[in-house]
Each structure stands twice: as structure tokens, then as C-alpha cells.
Amino acid sequence: MFSQQFYSVLCGLLVTVGVVYSTPVVYDGRAALGLSESTFNDLSGAYVYVVKGSKNASDYIDLSKSIKPTPLWDKLFQPPQEQTISVSIDPSSVFVPGGNPANAQNGFRRTEVIAQPRNRTVIESGRTVFHWSIRRDKKHDLNYKHEYQVVFIEPNDARIAIHLSNWKTSSSQRPVTPILSRDLTVLFETDFTKNDWHNFAVLVDWNALTLGVYYSKNGLPLAPTSWRTVKNKGLVAGPDGQGDFHFGLLKLPIANPADNSTQATDVVHRGIQENTTETLHYSGVFVESAVGGVSVGYGLKIPAMA
């Protein structure tokens with residue numbers, strides 16, 4: 001990955017000389033200061049749906065006043081302009097599609113916010129950049145024996161088009177967060193360290209079917225993790241490759257050794273889940289057009305990867 005220090009110095013110089021660019025945002029999921037948790041019950045504004053358990057969405061989603069959001073999107077010399085979105089799951093976080101108990105997804109624990117764009121094709125055509133920042137919770141951390149899907153695009157046929165990010169435990173038992181292509185090829189991963197904001201951006205070319213990953217930690221500007229975009233293997237062009245944009249917690253189960261081989265493959269309905277509360281913090285969730293470049297923080301942009 002390119003030097004974070006280099007980009008920090010570069011952006012500092014650009015701010016000093018006044019070179020600041022506007023960002024063509026096509027979807028803004030950042031929680032404005034005036035929003036309350038009831039927004040997620042009313043499904044108004046930027047959020048169309050919350051995949052959740054039996055309680056109100058506001059019981060699973062908190063707009064944290066005590067955790068400052070990532071500083072990347074602050075305006076100079078002004079306080080933060082957004083609130084941190086804290087997403088939690090607990091033993092009640094069983095999604096029941098259609099309200100039919102027979103469909104209950106007992107293998108999963110889910111709280112996911114689905115974006116409300118003006119039109120799905122606005123954020124999923126041409127070249128667009130998906131931004132988000134995430135942070136571990138000190139009291140209710142994730143259980144890294146499990147895998148989590150935390151930012152992804154899911155088409156109507158329920159196939160995951162892009163795992164923009166998910167969590168797993170590495171062979172050395174360190175929690176890591178990878179960016180995955182449609183066929184689950186790891187494009188980039190980093191240790192998911194405590195007490196840090198991890199900032200991501202993924203450039204998606206919906207025609208060429210390529211991906212480019214950008215990353216930084218805390219207040220450092222985003223930097224590309226490779227020289228060029230790479231093929232998004234397994235993704236198809238057009239409506240079949242498009243879908244709802246989710247951010248939140250989808251916790252996969254651990255296989256139950258008592259299940260037979262057929263049962264063990266049914267991760268939606270079977271497997272082991274602990275009776276715990278787990279929380280992940282989000283900020284800086286938005287999508288921009290890459291026509292004018294990629295935003296790296298503090299009102300600055302760099303040319304998009306080819």
C-alpha cells in the first residue's frame with residue numbers, strides 16, 4: 001500500500017494552499033446531527049429498511065454521542081457534522097422474512113441498514129465509490145470465532161454481488177477485515193485493531209466489472225492499496241449484478257458438530273450462536289461518482305484508479 005504519511009503530508013499541503021474540491025455524492029448515509037434513532041423506525045430520509053429481529057430498529061441502532069465519527073469528512077475548523085451509527089445484535093436479532101415463523105433465519109443474527117438511494121442505478125452504474133468507516137466497541141466487541149458480513153450489495157435473487165467488507169479470524173487468531181470480490185477472492189485485508197477508525201473506499205466499475213480499494217486509519221487520508229483496479233470475478237453486468245446496499249451486522253453461525261453434513265450447510269437456519277450483545281460503529285457511509293476522482297478526506301480528491 002502507498003505510504004499513508006505521504007498522503008497525509010500531500011493533503012496538508014493542498015489544504016494550506018487552498019486546493020479543495022467538491023464531492024459528487026450520489027447517496028449520503030451519514031447520520032446528520034439532527035437525526036434521532038426514530039429515523040430508523042420511520043425509515044425516512046436515507047434509509048429504506050432495517051433487517052432486524054423482533055424489536056424496534058431503534059432498539060438495535062444507536063446514534064452515539066460519546067464516540068466521535070471518523071474525522072475524514074469534517075469541515076475545517078468546525079465540529080463533526082455527523083453522528084456515529086452504532087449497530088447491535090443480540091439474541092433477539094433473528095430476521096423473519098415475510099413475518100412467517102417458518103422462514104425464521106435462526107442461523108443468523110442480523111441488524112443491517114439498507115440504503116435509500118433516489119434510484120438504485122444511480123449508485124450502481126458507471127464508476128461509483130462506496131465509502132464507510134468502522135470501529136470496534138469496547139464493551140460489546142464481536143466474537144471473532146464467527147464470520148460477519150458488514151458492508152455488502154445483495155441483488156434481488158439473494159446472491160451477494162460484492163462483499164465490500166466482512167470479518168474473519170486469521171490463522172494467527174487476529175481479527176482481520178478483508179475486501180472481497182464477488183467470488184470471495186481477498187483483494188485487501190488489514191488487522192482490525194481496537195480503538196481505531198478503519199476507513200475504506202471501494203471503487204466499483206459497473207461496466208468493466210473491476211474493483212479498486214482505498215484504506216486509511218483514524219485521521220489519515222485514504223490511499224489506494226494497489227496501482228490498478230482488479231477484476232471483480234464472478235460479477236455480471238446489468239441488473240443481475242445490482243442490488244440493495246447494506247451496512248450493519250450479519251453474523252454467520254459456527255457449525256454445530258451435532259448436525260449431519262446436509263444440515264451443516266444450512267447456515268441460514270442452523271448452527272451455533274451465543275446469547276450475547278455485539279456492537280459495531282459506523283460513520284462516513286456514502287457513495288460518490290468517480291467521474292471527478294475519489295475523495296480521500298478533508299474535502300480533497302485524487303484521480304481514480306484506472
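Strand β13 is mostly covered, with seven of its eight residues buried. Buried here means under 20% relative accessible area, exposed over 50%, and partly exposed in between, with a 1.4 Å probe and protein chains only. Strands are DSSP runs of E with at least two residues, helices are runs of H or I with at least four, and both are numbered from the N terminus.

Before I go on, the basis. This is a predicted model, in which local features need pLDDT of at least 70 and side-chain atom pairs count only at pLDDT 80 or more, while totals for chains, interfaces and linings use all residues. Residues are numbered from 1 along each chain as its sequence is written, and side-chain values use heavy atoms, with hydrogens and water left out.

Back to β13 and its neighbours. Two strands count as paired if DSSP finds at least two bridges between them. Strand β12, residues 198–205, runs antiparallel to β13 and is joined to it by eight bridges. Asp-205 stands opposite Thr-210 of β13. The hairpin of β12 and β13 has four residues between the strands, and Leu-209 there takes a positive phi near 60 degrees.

β13 also pairs with strand β14, residues 223–224, antiparallel and over two bridges. In that pairing Tyr-214 faces Pro-224 of β14. These strands form a hairpin too, with five residues between them, and Asn-218 in the turn has a positive phi of about 55 degrees. Another partner is strand β15, residues 230–231, again antiparallel with two bridges. Here Leu-211 is opposite Val-230.

Tyr-215 is buried, at 4% relative accessible area. Which side chain does the side chain of Tyr-215 contact? It makes a polar contact with the side chain of His-198, at 2.8 Å. A polar contact is a pair of N or O atoms within 3.5 Å; within protein, one must be able to donate a hydrogen and the other to accept it, and residues adjacent in sequence count only if both atoms are side-chain atoms.

Next, charges. A salt bridge is a side-chain nitrogen of Lys or Arg within 4 Å of a carboxyl oxygen of Asp or Glu. By this rule the count is eight.

Lys-55 and Asp-90 form one of them, at 2.8 Å from N to O. Lys-55 lies in the loop between β3 and α3, and Asp-90 in the loop between β5 and β6, so the pair ties together parts that are 35 residues apart in sequence. Lys-55 is partly exposed at 32%, whereas Asp-90 counts as buried at 13%.

Glu-274 bridges to Lys-251, with the closest N and O atoms 3.0 Å apart. Glu-274 sits in the loop between α5 and β17, and Lys-251 in strand β16, 23 residues away. Salt bridges with shared partners join Lys-251, Glu-274 and Glu-278 into one network. Lys-251 is buried, with a relative accessible area of 1%, while Glu-274 is partly exposed at 23%.

Arg-30 and Asp-28 also meet in a salt bridge, at 2.8 Å. Arg-30 is partly exposed at 22%, and Asp-28 is partly exposed at 34%.
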